[in-house]
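Please have the sequence and the model at hand while reading.

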Amino acid sequence: MSKDTVLGGYLINADGVRHQLPAKLNPSNSNTEDLIKRVSSAGKGVVVMRCKPSPEYGPYELEVYVDSGNFLLMLNGNDEDGDHSVRTITNENMPNDLMTILGEKYPAKAVTSDVDFVCKVFNEFAHLGNVSADLLS
């Protein structure tokens, strides 16, 4: 069975108003990169890519929370035993501290400011339905 991906999300403008972005089925790499960079330039927002249909187990969704040039990537999946798992980056260049992303505290080591890295992760997920452990652990 072939799998499709759906890309969508929202941005939050300078006035704090949320703007839903149109969903795109099977986006090209450039569509994905343009959307991520659009949300980043807005300052805050979320970009989500989902597998359709969602697999019984394994990764089903990749999210990035964007806040003032910082990106928190999360690869969500279902384990074979029914548990939910989340994989993210380990950025050794960040302090062992917490950062606020979209009003919530997250480990700073799970955050990057490299938009090109974020685009690479999204494009890998779109093509493979997963992200290598070298990128997200």
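A helix here is a DSSP run of H or I with at least four residues, and helices are numbered from the N terminus. Ser-30 has its place in helix α1, and the model in which it is seen is a predicted one.

**The helix pair**

Two packed helices are described by the angle between their axes and the distance between the axes. Helix α1, residues 29-42, packs against helix α2, residues 115-128, at an angle of about 140°, and their axes lie 10 Å apart. Angles over 145 degrees count as roughly antiparallel and 65 to 115 as roughly perpendicular, and α1 and α2 are therefore oblique to each other. The crossing of α1 past α2 is right-handed. On the α1 side, Asn-29, Thr-32, Glu-33, Ile-36 and Lys-37 take part in the contact, and the residues they meet in α2 include Val-115, Phe-122 and His-127. Sorted by class, this contact of α1 with α2 holds five nonpolar, four polar and three charged residues.

**Two single residues**

| Residue | Relative accessibility | Class |
|---|---|---|
| Ser-30 | 41% | partly exposed |
| Val-17 | 37% | partly exposed |

The side chain of Ser-30 makes a polar contact, at 3.1 Å, with the side chain of Ser-28. Along the chain, Ser-30 and Pro-53 are 23 residues apart, and their C-alpha atoms are separated by 23 Å. Val-17, by contrast, belongs to the loop between β1 (4-12) and β2 (18-25), and, leaving aside residues up to four places away in sequence, Val-17 touches Leu-11 and Ile-12.

Definitions and conventions. Residues are numbered from 1 along each chain as its sequence is written. This is a predicted model: local features need pLDDT of at least 70, side-chain atom pairs count only at pLDDT 80 or more; totals for chains, interfaces and linings use all residues. Side-chain values use heavy atoms; hydrogens and water are left out. Axes are lines fitted to C-alpha atoms, for helices over the stretch in contact, and angles run from 0 to 180 degrees between N-to-C directions. Helices (H or I, at least four residues) and strands (E, at least two) are DSSP runs, numbered from the N terminus. Angles under 35 degrees count as roughly parallel, over 145 as roughly antiparallel, 65 to 115 as roughly perpendicular and the rest as oblique. A crossing is left-handed if the near helix is turned anticlockwise from the far one by less than a right angle, and right-handed if clockwise. Contact means heavy atoms within 4.5 Å. Ala, Val, Leu, Ile, Met, Phe, Trp, Tyr, Cys and Pro count as nonpolar, Asp, Glu, Lys and Arg as charged, and the others, Gly among them, as polar. Buried means under 20% relative accessible area, exposed over 50%, partly exposed in between (1.4 Å probe, protein chains only). A polar contact is a pair of N or O atoms within 3.5 Å; within protein, one must be able to donate a hydrogen and the other to accept it, and residues adjacent in sequence count only if both atoms are side-chain atoms.
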